[in-house]
Structures are given as C-alpha cells and as structure tokens.
Amino acid sequence: MPDAPVNARTERACETVTRQGNRQVPLPVFKSGISDAEMDQFVENATTASNFLKAISHEGRLLILCHLVSGEKSVTELEDLLSARQAAVSQQLSRLRLEGLVIPRRDGKAIYYRLADDRPKRILEIVYELFCADDAGDKS
C-alpha cells in the first residue's frame with residue numbers, strides 16, 4: 001500500500017465520536033481486525049503526542065508559549081513578561097526548541113523566539129477555553 005498521510009491511515013481504524021466547534025474530530029475507537037501497521041501508527045502517534053504534552057506541561061513553558069502566540073519575543077522580553085531570571089527562561093526555551101515548538105532567530109546580541117507551527121496555538125486555545133475563560137470554572 002502506498003504511504004498515505006498519517007490522518008488517512010489512522011482514520012480507517014477510528015470512528016468520529018465527537019465534534020469540536022463545527023468540525024468532526026476523529027478519536028481512536030479501536031475496531032476489531034486492526035492491522036499491525038495501523039496499531040504501530042497509533043503507538044507512534046501516541047508517543048509524539050505524549051512528548052508534545054510533556055513539553056508543554058511545565059508552567060514556565062506553558063506561559064512562554066502563551067506569550068509567543070501573539071508574536072515573536074526576545075529572551076529579554078520574555079524575562080520581563082514572566083518576571084523570571086534569564087537562566088530559567090533560557091532553560092525552558094531550550095526544552096521548547098528541543099521539542100521543535102519554537103524557533104530562534106539571532107539579531108546581533110539578542111535572540112528572538114517564535115512558535116514553530118500552529119500546534120501550540122491550537123492546544124493553548126483549548127487550554128484557555130477549559131481553564132482561563134470567564135466560564136471555565138462554571139461546570140454546571
């Protein structure tokens with residue numbers, strides 16, 4: 001079978017079980033007869049997702065990503081926004097860079113960071129909706 005996009009490969013083994021906004025979100029509901037290749041793809045996707053979630057699970061890294069959603073920031077700007085020391089901010093940026101979530105750019109002595117892609121922004125929108133929006137604490 002030719003290589004299909006990951007979503008197409010896993011979609012055959014998933015059922016669409018929920019809606020998010022106006023779009024359907026496929027969640028894994030394992031069907032009987034799933035092939036070894038499809039199961040391997042689920043495991044690979046779970047590992048990737050787990051690494052992503054670990055990278056954003058630290059408050060400092062999460063706050064850095066929140067600030068970067070609005071655009072590129074220098075390390076000095078992030079220090080000021082977070083009221084944190086340069087060493088602490090740099091350590092968290094290093095982890096985010098290692099995970100491919102941010103991209104650095106040097107301009108003279110200053111280093112600027114921006115989001116590498118849309119994944120952190122999409123997750124932060126959900127986190128904001130669940131925990132920060134005005135009605136986030138209202139569980140009724």
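At 25% relative accessibility, S90 counts as partly exposed, a class that lies between buried, under 20% relative accessible area, and exposed, over 50%, as judged with a 1.4 Å probe and protein chains only. The structure is a predicted model, in which local features need pLDDT of at least 70 and side-chain atom pairs count only at pLDDT 80 or more, while totals for chains, interfaces and linings use all residues. Residues are numbered from 1 along each chain as its sequence is written, and side-chain values use heavy atoms, with hydrogens and water left out.

The secondary structure of the chain comprises 6 helices and 5 strands, where helices (H or I, at least four residues) and strands (E, at least two) are DSSP runs numbered from the N terminus. Read from the N terminus, the elements follow one another as α-β-β-α-α-β-α-α-β-β-α. Of the 140 residues in the chain, 23% count as buried. The chain exposes about 9800 Å², of which carbon and sulfur atoms supply 52%; accessible areas come from the Shrake-Rupley method with a 1.4 Å probe, and for residues only the protein chains shown count as cover. Among the contacts in the chain with a separation of 6 or more, 42% are accounted for by residues 24 or more positions apart, a contact meaning heavy atoms within 4.5 Å.

Three of the strands were examined together. An open sheet is formed by 3 strands in the order β3-β5-β4, with antiparallel pairing; two strands pair if DSSP finds at least two bridges between them. Strands β3 and β4 stand at the edges, each with a single partner strand, so one side of each is left without a neighbour in the sheet. Strand β3 (residues 73-74) is joined to strand β5 (residues 110-115) by 2 bridges, and K73 stands opposite Y113 in β5. Strand β4 (residues 102-107) is joined to β5 by 6 bridges, the two strands running antiparallel. Within this pairing, I103 has R114 of β5 as its bridge partner, and R105 has Y112 of β5. The hairpin of β4 and β5 has 2 residues between the strands, and in this hairpin G108 takes a positive phi near 65 degrees.

In strand β5 lies R114, which is partly exposed, with a relative accessible area of 40%. Not counting residues up to four places away in sequence, R114 touches L68, E72, L101, V102 and I103. R114 and I64 are 50 residues apart in sequence, yet 9.9 Å apart in space, C-alpha to C-alpha.

The packing of the helices was considered next. In general, two packed helices are described by the angle between their axes and the distance between the axes. Helix α3 (residues 59-68) and helix α5 (residues 86-98) pack at an angle of about 80 degrees, with their axes 9 Å apart. That angle makes α3 roughly perpendicular to α5, since angles of 65 to 115 degrees count as roughly perpendicular, under 35 as roughly parallel, over 145 as roughly antiparallel and the rest as oblique. The contact is made by R61, I64 and L65 of α3 together with V89, Q92, L93, R95 and L96 of α5. By class, the contact of α3 with α5 has 5 nonpolar, 1 polar and 2 charged residues, where Ala, Val, Leu, Ile, Met, Phe, Trp, Tyr, Cys and Pro count as nonpolar, Asp, Glu, Lys and Arg as charged, and the others, Gly among them, as polar. Helix α5 also lies across β4 and β5, running at about 120 degrees to β4; here axes are lines fitted to C-alpha atoms, for helices over the stretch in contact, and angles run from 0 to 180 degrees between N-to-C directions.

Helix α4 (residues 75-82) contains L82, which touches L63, I64, H67 and V89 when residues up to four places away in sequence are not counted. The C-alpha atoms of L82 and G60, 22 residues apart along the chain, are separated by 8.0 Å. The loop between α4 and α5 includes S83, which has a positive phi of about 50 degrees although it is not a glycine. With a relative accessible area of 69%, S83 is exposed.
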